[in-house]
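Work through the exercises below with the structure in view. Try each task before you read its solution.

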Amino acid sequence: MRTLIISDTHGRHEGVDEILEREGEFDMLIHLGDVEGGEIYLDVMFECPKYIVRGNNDFFAPHPYEEEFDLGPHHIMITHGHHYHVSTGPEILKEEALSIGADVVMFGHTHRPYFEQDEDITVLNPGSVSYPRQEGRRGSYMIMEMDEEGDLKFEQKFL
């Protein structure tokens with residue numbers, strides 16, 4: 001199973017178009033918030049299951065602020081992250097994810113890629129497709145692949 005993980009598109013679709021042209025189709029889409037009205041575009045472009053959470057700029061979006069779901073043997077929590085003060089670090093979010101039994105937690109909001117993996121949990125942020133803030137300022141996204149045994153592999157990619 002191949003999943004595209006994106007965040008902070010802020011209503012701009014050029015980067016997502018480039019990802020689809022480069023990577024092809026996906027089995028699942030995870031958008032970690034600040035879609036800003038791009039939901040119809042995502043529905044048209046992705047014919048796979050979608051998990052989308054509400055970001056701090058998604059004022060009238062119908063999405064939840066966070067969501068939990070199981071994927072194979074994994075319990076995943078997704079959120080934009082602003083309610084967990086991720087701009088100062090992922091520690092609060094990591095504690096919350098562990099307390100609900102998640103072994104993978106994903107967030108956005110900072111517009112910077114982040115990846116931490118230990119024996120208990122994987123914490124990640126794909127960065128921003130449209131408005132990157134890390135050094136070099138290249139739009140970024142992640143691809144998560146799950147094999148037949150349920151093992152997850154993550155790959156950070158840049159536009």
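**Exercise 1.** Find how well strand 5 (residues 74–79) is covered.

*Solution.* Count the buried residues: 6 of the 6 in strand 5 are buried. Buried means under 20% relative accessible area, exposed over 50%, and partly exposed in between (1.4 Å probe, protein chains only). Strands are DSSP runs of E with at least two residues, helices are runs of H or I with at least four, and both are numbered from the N terminus. This is a predicted model, where local features need pLDDT of at least 70, side-chain atom pairs count only at pLDDT 80 or more, and totals for chains, interfaces and linings use all residues. Residues are numbered from 1 along each chain as its sequence is written, and side-chain values use heavy atoms, without hydrogens and water.

**Exercise 2.** Sort the residues of strand 5 by face.

*Solution.* Start with the rule: side chains in a regular strand alternate between the two faces of the sheet. One side holds His-74, Ile-76 and Ile-78. The other holds His-75, Met-77 and Thr-79. Both faces are covered.

**Exercise 3.** Which strands pair with strand 5, and in what sense?

*Solution.* Two strands pair if DSSP finds at least two bridges between them. Take strand 4 (residues 66–71): 6 bridges join this strand to strand 5, and the two run antiparallel. Glu-66 stands opposite Thr-79. Now take strand 6 (residues 104–106): its pairing with strand 5 is parallel, over 3 bridges. Here Met-77 has Val-105 as its bridge partner.
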